[in-house]
Amino acid sequence: KHPNWKMGKKISVDSATMMNKVFEIMEAKKIFNLKYESLDILVHPSSYVHAIVKFNDGMLKITGRVKEIFKTSMGKYVSPVLLENKIKESPFFDQIIVLGENQKFVAALIVPDFEHLSSWCRIKDIDYTTNDKMITSKPIQNRIKKEIDCFNKQFGDTEKIKKFKLIDHEWTIDSGEITANLKLKRSLIQEKYKNDIENLFI
């Protein structure tokens, strides 16, 4: 905790993560235009950006890596990890990748939580057959859209999920979409679902 966090103020951060280096704090809410998070950037004196951080009453919290940020064709920056983590608070979603680099809007590939989806179908008297058939079901599509719309109300205009596609199977280490520590292999997923992603941005 630091008593005087100010834009452009250089501080010495004593932690293993920061490697005891001196960083410049640059306020970045306007750059990233994030509605639900107050974002700042940690910048090394060489101007190499290392991480995104959040400041709350002087407390520093690392919230993401700059290399995970993308820029839309409208020149707006989006932090997909922040949006993904927020959306996964819903019991309907298991995994999600937010997309939109060099595009006019943001979209997503979504792996539903099929166990929760099955329970919801039982409550709604909807016959649950197979995952691949259920994700094309109109009631399920509408329910997922309703859930996304709720989160969109918390996001800035640049961040709103305008389109999405549901995936009928979980991403696993064995199938190659996630790493051993359960992080998304973004490049691999984007290549694997290249056609689906292109269709989202038509």
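Of the 202 residues of the protein, 42% count as buried in this predicted model. As for the fold itself, the chain runs through 7 helices and 10 strands. Taking contacts between residues at least 6 apart in sequence, 45% of them join residues at least 24 apart.

Next come the aromatic rings. A pair of aromatic rings is described by the distance of the centres and the angle of the planes. Searching the whole structure turns up 3 aromatic pairs. One of them brings F105 together with F201, with 5.1 Å from centre to centre and 40° between the planes, which makes the pair tilted. F105 sits in the loop between β8 (93-99) and β9 (106-112), while F201 belongs to the segment after α7 (194-200), so this pair ties together parts that lie 96 residues apart in sequence. F201 counts as buried because its relative accessibility is 15%, and the cut-off for buried is under 20%.

Another pair is made by W171 and Y193. Their ring centres are 6.1 Å apart and the planes meet at 55°, so this pair is tilted. W171 is in the loop between β10 (161-166) and α6 (186-192), and Y193 is in the loop between α6 and α7, so here the parts tied together are 22 residues apart in sequence. W171 and Y193 are both buried.

Back at the F105 and F201 pair, a leucine joins the picture. L99 is part of strand β8, and its neighbours, leaving aside residues up to four places away in sequence, are F70, F105, V106, A107, L109, Q190, I197 and F201. With a relative accessibility of 4%, L99 counts as buried. P80 is 19 residues away from L99 along the chain, yet the C-alpha atoms of the two are separated by 7.3 Å.

That leaves the cysteines. A disulfide is a covalent bond between the sulfur atoms of two cysteines. The search of the whole structure comes back with 0 disulfides. C121 has a relative accessibility of 0%, so it counts as buried. C150, on the other hand, is partly exposed, with a relative accessible area of 40%.

Methods. Residues numbered from 1 in each chain as written. Predicted model: local features only at pLDDT ≥ 70, side-chain atom pairs only at ≥ 80, totals over all residues. Heavy atoms only, no water. Helix = DSSP H or I, 4+ residues; strand = E, 2+ residues; numbered from the N terminus. Buried < 20%, exposed > 50% of the residue type's maximum accessible area, 1.4 Å probe, protein only. Contact = heavy atoms within 4.5 Å. Phe/Tyr/Trp six-rings, centres within 6.5 Å; stacked < 30°, edge-to-face > 60°. Disulfide = S-S within 2.5 Å.
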